[in-house]
Amino acid sequence: MTKDWNTRTRLVHSGTRRSQYGEVSEAIFLTQGFVYDTAEAAEARFIEAGEDEFIYARYGNPTVRMFEDRIAALEGSEDAFATASGMAAVNAALTCLLKAGDHVVSARALFGSCLYILEDILQRFGVEVTFVDGTDLDQWRAAMRPDTKVVFLEALSNPTLEVIDITGVSEIAHSVGATVVVDNVFATPIFQRSLDLGADVIVYSATKHIDGQGRCLGGVVCGTRDYIRGKLEPYLKHTGGSMSPFNAWVMLKGMETLDLRCRAQGETALAISEALQGHPDLERVIFPFLADHAQFDLAKSQMTMGGTVLSLDLKGGQKAAFSFLNALKIFTISNNLGDAKSIITHPATTTHQRLTEDQRQSLGITPGLVRVSVGIEDTDDLIQDLLSALKAV
Ligand SMILES: *Cc1c(COP(=O)(O)O)cnc(C)c1O
């Protein structure tokens with residue numbers, strides 16, 4: 001029945017497993033282990049666990065399974081596995097496919113911790129990684145080798161919001177048999193269907209839009225049943241990166257309103273971008289659905305809305321950016337995103353502080369750049385707050 005349902009119906013109902021009490025709201029199964037009626041039943045479950053049979057919470061749990069089934073129904077993937085955080089998801093999604101001597105090609109504009117895994121951890125274990133400008137298909141083509149096993153990219157880069165051609169990159173990767181892993185956080189599962197565009201594995205930090213109210217860490221990997229149960233689950237259940245049942249319950253409830261929140265946030269993000277475009281104190285406004293965005297046409301063809309994050313480059317560098325942040329009344333200064341609350345951050349001194357000046361420059365992270373995560377507050381209030389703060393700079 002789930003197959004006929006549209007997004008909002010899936011977000012509220014898919015994956016629900018009711019106990020014998022017939023509860024309306026999904027139950028939290030705060031249990032580490034599960035009881036077997038007989039020794040024979042325990043043996044049988046260890047040979048093969050059925051749909052409603054669990055062994056240990058690190059392997060699976062009814063509340064966690066509800067969340068996995070719901071996100072798989074949303075994403076249109078055969079299966080999903082939930083993790084303790086977005087980084088546990090990224091790490092496992094990549095590591096479960098790789099061994100020493102393998103080659104990986106990755107976009108170079110990455111979330112800081114993703115960069116650490118690719119640049120540091122994987123290479124320490126003998127995996128070679130080539131970084132490319134994600135927006136240049138020729139660079140992707142040139143980087144592929146017969147031993148390229150995995151291709152990794154963030155659908156929309158942080159914080160400069162470059163758009164990567166998922167279909168183009170997937171075709172190039174598949175020509176050498178590589179698996180395409182997409183971190184779809186910035187694009188959100190609501191605005192971009194990366195599996196339909198050709199990607200093989202989708203990763204989310206559920207900490208962001210899926211919780212959407214700044215409470216719990218979580219992550220999830222979506223893909224084929226063969227990949228999720230054959231490669232990813234063995235890696236995760238034995239290395240301990242599974243999601244807690246309580247966090248899974250928070251994520252399940254978050255998913256009920258995911259479409260409503262993302263659409264409201266996306267509409268406001270576009271309205272803010274349009275209101276601030278051409279402002280005399282701004283070098284530029286970066287938002288994928290503004291016509292002057294370098295990949296505007298690609299963004300329009302891949303996404304149904306431009307996302308919930310925009311970036312502003314202030315004239316006057318870091319000094320202007322800091323006074324701007326300090327003058328805001330509604331936007332809170334924090335490095336999170338996807339929250340119901342509007343959040344602003346200065347990437348050069350926080351999320352991207354670890355990079356060298358040269359690296360920041362090559363990624364377009366200028367001293368005046370601020371990243372704005374748009375919440376669900378009133379659109380006009382948010383625009384007024386930004387305009388007043390610009391005046392105060
Ligand atoms: C936040 C984020 C992550 C990491 O997620 P955590 O839940 O914080 O571990 C990975 N990728 C992107 C694009 C993110 O925004």
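Me: Which residue does Asp211 form a salt bridge with?
Reply: In this predicted model, the partner of Asp211 is Arg215, with 3.1 Å between the closest N and O atoms.

Me: And is Asp211 buried or exposed?
Reply: Asp211 is buried, at 0% relative accessibility. Arg215, by contrast, is partly exposed, with a relative accessible area of 46%.

Me: Let us move to Arg141. Which side chain does that of Arg141 meet in a salt bridge?
Reply: That of Asp138, at 2.7 Å from N to O.

Me: How many residues apart are Arg141 and Asp138 in helix α6?
Reply: They are three residues apart in helix α6, which covers residues 137–143, so about one helical turn separates them.

Me: Is Asp138 buried or exposed?
Reply: Asp138 counts as exposed because its relative accessibility is 53%, and the cut-off for exposed is over 50%. Arg141 has a relative accessible area of 47% and is partly exposed.

Me: What about Glu233, which residue forms a salt bridge with it?
Reply: Lys237 does, the closest N and O atoms being 3.3 Å apart. Both residues belong to helix α9 (residues 225–239), where they lie four residues apart, about one turn of the helix.

Me: Are Glu233 and Lys237 buried or exposed?
Reply: Glu233 is buried at 13% relative accessibility, and Lys237 is buried with a relative accessible area of 17%. Both belong to one network of salt bridges with shared partners, which also takes in Arg65, Glu68, Asp79, Arg225 and Arg229.

Me: How many salt bridges does the structure hold?
Reply: It holds 25 salt bridges. As for the charges themselves, the chain has 35 positive and 50 negative ones, and their mean positions are 3 Å apart.

Me: Changing topic to the fold: how many helices and strands are there?
Reply: The chain has 15 helices and twelve strands. Its radius of gyration is 21 Å, close to the 21 Å given by the globule rule for 393 residues, so the chain is as compact as a globular protein of that length.

Me: What share of the residues counts as buried?
Reply: Of the 393 residues, 55% count as buried. The accessible surface of the chain is about 16,700 Å², and carbon and sulfur atoms make up 52% of it.

Conventions
Residues numbered from 1 in each chain as written. Predicted model: local features only at pLDDT ≥ 70, side-chain atom pairs only at ≥ 80, totals over all residues. Heavy atoms only, no water. Helix = DSSP H or I, 4+ residues; strand = E, 2+ residues; numbered from the N terminus. Rg over C-alpha atoms; globule rule 2.2 N^0.38 Å. Buried < 20%, exposed > 50% of the residue type's maximum accessible area, 1.4 Å probe, protein only. Areas by Shrake-Rupley, 256 points an atom, 1.4 Å probe, with all protein chains shown as cover. Lys, Arg positive; Asp, Glu negative; His and termini not counted. Charge placed at Lys NZ, Arg CZ, Asp CG, Glu CD. Salt bridge = Lys/Arg side-chain N within 4 Å of Asp/Glu carboxyl O.
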